[in-house]
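Please keep the model open beside the text while you read.

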Amino acid sequence: MTISGEKSAEGSVRVADEERTNDGGALWGGMPRWLPRAMVMFLVMVGVFQLADWAFRQLIDLFVMLLVAFFLSLALEPAVDRMAARGVRRGVGTFLVFVAVGIAVAGFLAALGTLLVDQVAKIAGDLPHLVDNLIGWVNRTFHQDLSLGELQKRLLKDSGTIEGYAQQAADNVWGVSSTLIGGLFQTFTVGLFTFYFTAEGPRVRRTVCSLLPPSKQGEVLRAWEIALAKTGGYLYSRAVLALVSAAGHWVMFALIDLPYAAALAIWVGVMSQFVPTIGTYLAGALPVLVALTVEPVDALWVLVFTVVYQQIENYVLHPRITARTVDVHPAVAFGAVIAGAALLGAVGALIAIPAAATLQGFVGTYVRRYEVATDPRIDRGEQRRARRELRREAARRLRRMVGGE
């Protein structure tokens with residue numbers, strides 16, 4: 001009876017183990033049955049993630065170009081919409097806007113090219129005189145007896161070194177040419193996508209909204225309208241400020257008879273308005289350098305006028321022109337430029353301000369604001385200011401009373 005009882009107990013345990021094994025919870029060959037499948041799924045997920053990461057890295061340039069094209073289309077679409085409202089087809093209107101922008105850019109580059117060619121030709125013409133002055137300064141300072149002929153002999157003696165420098169320069173020229181070709185291709189790609197986004201703006205919005213439920217379509221269209229208003233307003237306000245800046249600097253440069261006054265004024269207007277953060281310094285540096293080659297006193301006048309005009313623009317012109325278009329605090333704009341440059345480099349810095357304005361407008365639309373109660377902890381100088389005003393008012397009343405008596 002005891003042996004049969006033990007056998008029946010072992011049989012029941014074996015049956016229970018087989019049932020747990022059939023259910024997938026017991027060990028099979030030393031591991032659970034679900035573990036190999038989980039390992040395979042994990043490896044597949046890791047492979048898919050690495051493939052997606054590789055694809056994203058390969059296509060990041062395309063995504064950046066699409067982002068730039070999208071913001072450019074937002075800036076150009078208001079002009080195309082006005083033309084479409086007057087009966088002009090969107091494709092034709094977009095083409096006309098592109099032509100106008102192209103003419104403006106070509107004029108800017110032609111003016112700067114003329115200035116650059118003239119300055120290079122002037123430096124090349126004065127080069128022998130500059131070299132003689134440099135040799136004389138070296139001889140006087142370091143007590144040497146150098147001459148132009150001796151320097152030529154030394155240069156010819158080291159022809160191998162010169163050849164190496166020439167080869168390195170040729171390689172650099174090839175690299176610069178490749179970079180230039182790549183930049184032209186990227187510019188063409190951005191222009192093509194910008195044209196499609198601008199000309200097909202309603203169709204693009206309709207396609208995006210068709211992928212969303214009706215309850216979300218209104219929010220997307222509202223955000224799109226905010227982006228259109230802020231980006232277009234940013235571009236047009238900057239264009240007006242650039243025009244005013246160019247006109248003011250042209251008058252100043254013409255008064256002091258600075259060479260290429262119109263080209264330098266256009267340079268200052270464009271660079272100071274469309275290059276974030278450092279544009280003002282780049283804009284003022286070139287006229288100062290050109291004035292130094294003519295008369296050092298003129299360089300001082302140019303520097304003083306640039307600084308004074310910048311203050312007038314910051315505190316008078318800029319708030320009034322951008323009050324209804326892009327109302328972004330200077331600190332927010334500066335932080336947005338730094339963040340954009342850290343994320344996308346120069347492209348991010350250029351689109352940072354309109355992106356920040358769009359985000360600020362969108363948040364301002366949906367975030368509810370409450371009235372803030374009067375509290376001295378908010379503005380610690382408010383009570384002192386109020387007390388001073390009360391004392392001044394009491395003094396005025398006292399003077400009126402004494403004068404009346």
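1. In which helix do arginine 396 and glutamate 393 both lie, and how many residues apart are they? They lie in helix H13 (residues 382-404), 3 residues apart, about one turn of the helix. Helices here are DSSP runs of H or I with at least four residues, strands are runs of E with at least two, and both are numbered from the N terminus. The pair forms a salt bridge, with the closest N and O atoms 2.6 Å apart; the term stands for a side-chain nitrogen of Lys or Arg within 4 Å of a carboxyl oxygen of Asp or Glu. Arginine 396 is partly exposed at 33% relative accessible area, and glutamate 393 is partly exposed at 27%. (Buried is under 20%, exposed is over 50% and partly exposed is in between, with a 1.4 Å probe and protein chains only.)

2. A word on the basis of this note: this is a predicted model, in which local features need pLDDT of at least 70 and side-chain atom pairs count only at pLDDT 80 or more, while totals for chains, interfaces and linings use all residues. Residues are numbered from 1 along each chain as its sequence is written, and side-chain values use heavy atoms, with hydrogens and water left out.

3. Now the overall picture. The protein has 13 helices and 0 strands. Of its 405 residues, 23% count as buried. The accessible surface comes to about 28,500 Å², with 67% of that belonging to carbon and sulfur atoms; the areas come from the Shrake-Rupley method with a 1.4 Å probe. Among contacts (heavy atoms within 4.5 Å) with a separation of 6 or more, 61% are between residues 24 or more positions apart.

4. Back to the salt bridges, of which the structure holds 7. Arginine 57 pairs with aspartate 53, the closest N and O atoms being 3.0 Å apart. These two residues are 4 apart in helix H2 (residues 34-85), so about one helical turn separates them. Arginine 57 is exposed, with a relative accessible area of 58%, whereas aspartate 53 is partly exposed at 32%.

5. Glutamate 200 and arginine 203 also meet in a salt bridge, at 3.4 Å from N to O. Here glutamate 200 is partly exposed at 32% relative accessible area, and arginine 203 is exposed at 55%. Do look at the network as well: salt bridges link Glu77, Asp81, Arg90 and Arg205.

6. Arg205 brings us to a helix pair. Helix H6 (residues 201-210) packs with helix H7 (residues 214-255) at an angle of about 145°, their axes being 9 Å apart. Axes are lines fitted to C-alpha atoms, for helices over the stretch in contact, and angles run from 0 to 180 degrees between N-to-C directions. From H6, Val204, Arg205, Val208 and Cys209 meet Gln217, Val220, Leu221, Trp224 and Leu228 of H7. By class, the residues of this contact divide into 7 nonpolar, 1 polar and 1 charged.

7. Finally, have a look at valine 270 in helix H8 (residues 261-274). Valine 270 counts as partly exposed, at 25% relative accessibility. Setting aside neighbours within four places in sequence, valine 270 is in contact with Phe108, Ala242 and Val275. The C-alpha atoms of valine 270 and alanine 283 are separated by 8.0 Å, the two residues being 13 apart along the chain.

How values were computed
Nonpolar A, V, L, I, M, F, W, Y, C, P; charged D, E, K, R; others polar.
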